[in-house]
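Me: I would like to go through the labels attached to this structure and ask what each of them rests on. Could we take them one at a time?

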Amino acid sequence: VQLVESGGGLVQAGGSLRLSCVASGVVFTIADMGWYRQAPGKQRELVATTTNYGSTTYADSVKGRFTISRDDGKKTVYLQANSLKPEDTAVYYCNVGRMTTNKGPQYDVWGQGTQVTVSS
C-alpha cells in the first residue's frame, strides 16, 4: 500500500492549488489522514488533519485559507490551499495514521511528497 500525492506546482502569491493523496492497493478503512509540510532548513510541521469521524484540525498559519477533505470511497484526502503566500512554500506530505489493508493494519504511512512553490 502506498500514498501517492499530486497537485503541487508553482503558483503566484494569492493563487490556489488543490493537493490530492490516494491510498493505492487493497485498503479497507482509513482512520486519521493528514497533510504536513517541510520547508528548506525547517522541521516538518502539521498543516491539517481529518478523522473518519469528520473532525478536522488546522495549523494556525493556514486557518481560513486551507481546507482538508476526504473521500473514503476513493481512499483519497484533499487539501484545498487558497490565498497562498510565499511562506507556504514547502514539500507537502500526506500521512495516514492507521489503515486496514489486505496485508493487515498499517500505521504511520507517508507519501513521497509534492513540491509547492509560491512566488511573490
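**What the labels rest on**

Reply: Leaving aside neighbours within four places in sequence, P105 is in contact with M99 and T100; the model is a predicted one, and P105 itself is found in strand 11, residues 104–110.

Me: What makes M99 and T100 contacts of P105?

Reply: Contact means heavy atoms within 4.5 Å, and M99 and T100 are in contact with P105 once its neighbours within four places in sequence are left aside. L19, by comparison of positions, is 86 residues from P105 in sequence and 25 Å from it in space, C-alpha to C-alpha.

Me: Why are strand 10 and strand 11 called paired?

Reply: Two strands pair if at least two bridges are found between them; strand 10 (residues 90–101) and strand 11 are joined by 6 bridges and run antiparallel, so by the definition they count as a pair. M99 stands opposite Q106 in strand 11, and the two strands form a hairpin with 2 residues between them.

Me: Why is T51 called buried?

Reply: Buried means under 20% relative accessible area, and T51 has a relative accessible area of 17%, so the label applies. T51 is found in the loop between strand 6 (45–50) and strand 7 (56–58), where it touches A31, D32 and R70, not counting residues up to four places away in sequence.

Me: How do you know that the side chains of T51 and S55 make a polar contact?

Reply: The cut-off for a pair of N or O atoms is 3.5 Å, and the contact joining the side chains of T51 and S55 is 2.9 Å, so it falls within that limit.

Me: Why is T67 called partly exposed?

Reply: Partly exposed lies between the limits of under 20% for buried and over 50% for exposed; T67 has 43% relative accessibility, so it belongs to the class in between. T67 is found in strand 8 and touches Y58, Y78, L79 and Q80, not counting residues up to four places away in sequence, whereas K42, 25 residues away in sequence, is 23 Å from T67, C-alpha to C-alpha.

Me: What lines the largest cavity?

Reply: The lining is made up of L17, L19, F66, L79, A81, L84, Y92 and V116, and the elements that give two or more residues to it are strand 3 and strand 9 (76–81). The volume of this cavity is about 30 Å³.

Technical notes: Residues numbered from 1 in each chain as written. Predicted model: local features only at pLDDT ≥ 70, side-chain atom pairs only at ≥ 80, totals over all residues. Heavy atoms only, no water. Helix = DSSP H or I, 4+ residues; strand = E, 2+ residues; numbered from the N terminus. Buried < 20%, exposed > 50% of the residue type's maximum accessible area, 1.4 Å probe, protein only. Polar contact = N/O pair within 3.5 Å; in protein donor to acceptor, adjacent residues only side chain to side chain. 1 Å grid on protein atoms, 1.4 Å probe; cavity = no way out; pocket = protein on both sides within 12 Å on 5 of 7 lines; lining within 4 Å. Points joined across faces, edges and corners; volume = space filled by probe spheres on them.
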